[in-house]
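Hi,

Here is the structure I promised to pass on. Have a look at it, and then read my notes below.

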Amino acid sequence: MTNLKLVRRSAERLGDQLYGQILEQIVSGAIKAGEKLPSENQLCQSFQVSRPTVREALMRLHADGLVTTRQGSGTVVQRRPSDNLVRLSRSSDIAEMLRCMEVRLALEGGAARLAAMRHTPSELDRITKALDAMDASFRGGEAPTRADWEFHGAVAAASGNPLFVEMLGTLRGAIHHSMTVALGLTQIGSAERARRVYEEHEAIRDAIARRDAEEADLAMRYHLSRARQRVTDGQRDN
């Protein structure tokens, strides 16, 4: 990675741009799993950015499980995402997408918990119809992005608190992008991967239907955590 310069895009944060370009090196195999990243000083020199920018990018790579710190070895690549990740999304957008998924973990678990406690029969029917549409899309070989959005929106609406719906609406662009990428990777992957994605949604619906608030919260958080892992781990559920 020596003698590289950051390809700067004025509308994007430098930390996200650097994150994306290091990610590209990992995805391309220029830096393989188990290999050490260049030092902070080397990254500063190679990309001509400040140390805080480098540390921000490394912090994101750590948070996403792509790198880890080993005593005496420095920062090491822990896993390699799928080649298809950077085909479905600009590499510099991936950091924002994963940040959005972190927010969804905090937000949607609570919405699912309240939905289990408060849903009406018609609201449960809306959730079920979205789940059925997702199943039909998978069976038809399509990425069920629209059905996925409808499912999560229906859960938020069933919470009985319109602020959950409003907050999802505020994040709609970022959420739609993350769904498009995650479901695109699922569509490219195995039938087993698609089955697991469907079953994660089914578990959420079933917990809500049973009015099991704790299980609904856990099922939603589990699904979103797994979705995040599937984005960054090329071997997850292949």
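**What I found**

Let's start with a hairpin: strand 1 and strand 2 have three residues between them, and G72 there takes a positive phi near 85 degrees. Strand 1 covers residues 67-70 and strand 2 covers residues 74-77; they run antiparallel and are joined by four bridges. Strands count as paired if DSSP finds at least two bridges between them, and the elements are DSSP runs numbered from the N terminus: helices (H or I) of at least four residues, strands (E) of at least two.

Before going on, some ground rules. This is a predicted model, where local features need pLDDT of at least 70, side-chain atom pairs count only at pLDDT 80 or more, and totals for chains, interfaces and linings use all residues. Residues are numbered from 1 along each chain as its sequence is written, and side-chain values use heavy atoms, leaving out hydrogens and water.

How confident is the predictor? pLDDT (its confidence in each residue, from 0 to 100) averages 86 for the protein chain, and 92% of the residues score at least 70. Helix 7 (residues 145-158) has the highest confidence, at 97, while helix 4 (residues 85-88) has the lowest, at a mean of 75.

Most residues other than glycine have a negative phi. Q48 isn't a glycine, yet its phi is positive, about 55 degrees; look for Q48 in the loop between helix 2 (40-47) and helix 3 (51-63). R211, also not a glycine, has a positive phi near 60 degrees and sits in the loop between helix 10 (191-209) and helix 11 (213-232).

Cheers

Key: pLDDT is the predictor's confidence in each residue, from 0 to 100.
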